[in-house]
Amino acid sequence: MFDSLIPRITAITASAKDVDSKLLSICELLKKEVPHYDWVGFYFKNEDKRELKLGPYAGAPTDHTLIPFGKGICGQVAESNQNFVVPDVQAQDNYIACSINVKSEIVVPLFIDGENVGQIDIDSNTPDPFTAEDERFLEFVNAEVAKIYVP
Ligand code: SME
């Protein structure tokens with residue numbers, strides 16, 4: 001499944017659309033094609049503040065448009081620079097709930113020239129669905145986005 005999405009991701013990043021439209025198209029593609037992806041969005045570092053700002057996303061609107069570094073799964077990844085796979089969100093103390101339907105989450109940081117400038121965040125309504133394949137695929141997606149995103 002992920003292999004077949006790779007050329008579709010590169011087609012989006014190579015298209016003539018503006019950057020936000022490309023990011024939105026990626027979110028929509030992933031939400032539509034990956035059965036266990038129920039909310040897909042990008043957060044980026046908000047200027048020089050120690051907080052994340054919601055960028056393009058596909059799925060239900062969220063109140064969490066600004067997330068301080070350290071808060072929630074997203075805020076922890078902003079500081080750790082590591083992928084964070086959460087098989088069961090209810091087992092996490094430092095978690096920001098967006099919807100009662102969400103069972104699990106994966107956040108993968110996005111690096112430009114080695115700097116953590118944001119992340120892709122995916123919520124799933126399926127318990128424990130994420131594997132190393134999700135991580136490798138989402139690292140690929142972020143590496144492609146890193147080529148077009150301008151902080
Ligand atoms: N659950 C995230 C907050 C963002 S929403 O999933 C869209 C967190 O704990 O950081």
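Entry 1, ground rules. I am working from a predicted model, in which local features need pLDDT of at least 70 and side-chain atom pairs count only at pLDDT 80 or more, while totals for chains, interfaces and linings use all residues. Residues are numbered from 1 along each chain as its sequence is written, and side-chain values use heavy atoms, with hydrogens and water left out.

For polar contacts (N or O atoms within 3.5 Å), I noted a backbone N or O atom of Ile73 at 2.9 Å from a ligand oxygen, and one of Cys74 at 2.8 Å from a ligand oxygen. A polar side-chain atom of Asp121 lies 3.3 Å from an oxygen atom of the ligand. I then checked cover: the protein covers 100% of the 310 Å² of accessible area (Shrake-Rupley method, 1.4 Å probe) that the ligand has on its own.

I took helices as DSSP runs of H or I with at least four residues, and strands as E runs of at least two, numbered from the N terminus.

I found Thr13 in helix 1 (residues 2–14), and with a relative accessible area of 9% it counts as buried (under 20%, 1.4 Å probe, protein chains only). Its side chain reaches the backbone oxygen of Thr10 at 3.1 Å.

Terms used: Buried < 20%, exposed > 50% of the residue type's maximum accessible area, 1.4 Å probe, protein only. Polar contact = N/O pair within 3.5 Å; in protein donor to acceptor, adjacent residues only side chain to side chain.
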